[in-house]
Amino acid sequence: MRRTPIDISVPDLSGKRAVITGASDGMGLGMATRLAAAGAEVVLPVRNPRKGEAAIAAIRRAVPAASVSLRSLDLSSLESVAALGERLRDEGQPIHLLINNAGVMTPPSRQTTADGFELQFGTNHLGHFALVGQILPLLRAGRARVTSQISIAARRGAINWDDVNWERSYDGMRAYRQSKIALGLFGLELDRRSKALGWGITSNLSHPGVAPTSLLAARPELGRSQDTPQVRLIRALSARGVLIGTVETAKLPALMAATGPGTFYGPGGLGQLGGAPAEHQLYRPLRSRADAEHSWRISEELTKTVLPTA
């Protein structure tokens with residue numbers, strides 16, 4: 001089946017500094033390329049320097065005049081997050097766009113971060129929470145737009161408040177949902193606190209739908225030695241243009257969220273699985289202000305990152 005090309009326009013971003021996590025491949029790399037093409041200076045914090053250098057080369061092939069550079073970041077280590085924060089603060093340049101895009105999904109067994117958190121909760125949510133805390137002065141200086149990439153999985157599920165690190169029992173998919181719900185609650189609460197305290201930051205959410213990204217592919221570092229059956233099916237459906245998106249279309253909701261006015265963007269096709277990006281109502285697990293405030297407090301305690309109250 002031949003797909004009708006789907007794209008969006010990205011405004012001129014000359015003079016803007018953009019930071020994108022998880023941009024060494026897949027849709028994150030596509031986002032970085034589009035922002036660089038729009039004139040932004042793009043910073044790629046990456047865990048794997050080799051993949052990072054390959055990403056830089058790919059961006060420069062597509063955008064020869066791109067202003068793009070690497071920084072070191074492992075979101076599963078608060079020490080690494082703090083080191084990146086210190087380096088960016090030392091550079092002293094305002095940040096105008098931050099896309100919290102990096103993530104891991106359903107390792108075969110429970111794993112933990114360097115700080116002892118359940119890997120998905122620690123990487124997908126707590127790492128990004130701590131990163132925002134580390135660079136908050138730069139985000140305020142740039143009156144930044146912060147976009148947090150959640151997941152269609154966050155439309156159901158809940159935070160396991162009594163055992164957020166899944167130490168007593170472990171369900172990989174429920175833990176993944178929790179990590180994305182927590183990230184979404186954080187993104188929304190960041191926007192509310194910014195408005196109340198005059199930080200000048202705008203924070204919103206996006207999700208990519210379903211596309212053949214590397215999330216469910218072979219990831220030896222997660223203990224996944226081969227591609228999952230799910231990702232093989234997703235690739236087959238995507239190649240045939242059935243229901244779901246492509247890596248190229250999956251990047252568009254985050255780009256629209258990062259450069260537009262809305263609160264929550266995802267694919268506009270059937271079931272939000274694929275299609276052109278559109279604004280959506282918040283998923284039910286994201287609507288509770290009390291849950292957002294509770295999650296914020298827990299995140300501060302776990303990461304020892306206390307954001308200002310003024």
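1. Ala 182, Leu 185, Phe 186, Glu 189, Leu 190, Arg 192 and Arg 193 of helix H5 are in contact with Arg 289, Asp 291, Ala 292, Glu 293, Ser 295 and Trp 296 of helix H9. Sorted by class, the residues of this H5 and H9 contact are six nonpolar, one polar and six charged. The model is a predicted one, and the points below should be read with that in mind.

2. The geometry of this helix pair comes next. The axes of H5 and H9 are 9 Å apart, and the two helices pack at an angle of about 95°. Angles of 65 to 115 degrees count as roughly perpendicular. H5 is therefore roughly perpendicular to H9.

3. H9 (residues 289–303) also packs against helix H4 (residues 119–141), at an angle of about 85° and with the axes 10 Å apart. H4 and H9 are therefore roughly perpendicular to each other. On the H4 side the contact is made by Phe 121, His 125, Leu 126, Phe 129 and Ala 130. On the H9 side it is made by Ser 295, Trp 296, Ser 299, Glu 300, Leu 302 and Thr 303. Six of the residues in the contact of H4 with H9 are nonpolar, four are polar and one is charged. Ser 295 and Trp 296 of H9 are listed in the contact with H4 and also in the contact with H5.

4. Now the sheet. It is open and has eight strands, in the order S3-S2-S1-S4-S5-S6-S7-S8, with mixed pairing. Strand S3 (67–72) and strand S8 (277–279) are the edge strands, each of which pairs on one side only. On average, neighbouring strands of the sheet are turned by 20° against each other, with direction ignored. As background, strands of a sheet pair through backbone hydrogen bonds, either parallel or antiparallel.

5. Which residues of strand S1 (residues 17–20) are buried on each side? Arg 17 and Val 19 are buried on one side, and Ala 18 and Ile 20 are buried on the other, so both faces of S1 are covered.

6. S1 has a parallel partner in strand S2 (residues 41–46), joined to S1 by three bridges. Arg 17 stands opposite Glu 41 of S2. Between S1 and S2 the chain passes through helix H1 (residues 26–37), and this β-α-β crossover is right-handed. S1 is also joined by three bridges to strand S4 (residues 97–100), again in the parallel sense. Here Val 19 has Leu 98 of S4 as its bridge partner.

7. Strand S6 (residues 202–206) has four of its five residues buried, so S6 is largely enclosed by the rest of the structure. S6 pairs with strand S5 (residues 145–149) in the parallel sense over five bridges. Arg 145 stands opposite Thr 202 of S6, and Gln 149 has Ser 206 of S6 as its bridge partner. S6 also pairs with strand S7 (residues 264–267), in the parallel sense over two bridges. In that pairing Leu 205 stands opposite Phe 264 of S7.

8. How does the chain get from S5 to S6? The chain crosses through helix H5 (residues 172–197), and this β-α-β crossover is right-handed. H5 is the helix of the opening point, where residues including Ala 182 and Leu 185 meet H9.

9. Two backbone values deserve a check. Trp 166 has a positive phi of about 55°, although Trp 166 is not a glycine. Trp 166 sits in the loop between S5 and H5. Is Trp 166 buried or exposed? The relative accessible area of Trp 166 is 2%, and buried means under 20%, so Trp 166 is buried.

10. Lys 304 is the other residue: its phi is near 55°, a positive value in a residue other than glycine. Lys 304 lies in the segment after H9. The relative accessible area of Lys 304 is 73%, and exposed means over 50%, so Lys 304 is exposed.

Conventions. Residues are numbered from 1 along each chain as its sequence is written. This is a predicted model: local features need pLDDT of at least 70, side-chain atom pairs count only at pLDDT 80 or more; totals for chains, interfaces and linings use all residues. Side-chain values use heavy atoms; hydrogens and water are left out. Axes are lines fitted to C-alpha atoms, for helices over the stretch in contact, and angles run from 0 to 180 degrees between N-to-C directions. Angles under 35 degrees count as roughly parallel, over 145 as roughly antiparallel, 65 to 115 as roughly perpendicular and the rest as oblique. Contact means heavy atoms within 4.5 Å. Ala, Val, Leu, Ile, Met, Phe, Trp, Tyr, Cys and Pro count as nonpolar, Asp, Glu, Lys and Arg as charged, and the others, Gly among them, as polar. Buried means under 20% relative accessible area, exposed over 50%, partly exposed in between (1.4 Å probe, protein chains only). Two strands pair if DSSP finds at least two bridges between them. A crossover is right-handed if, with the strands pointing away from the viewer, the path from the first strand over the helix to the second runs clockwise.
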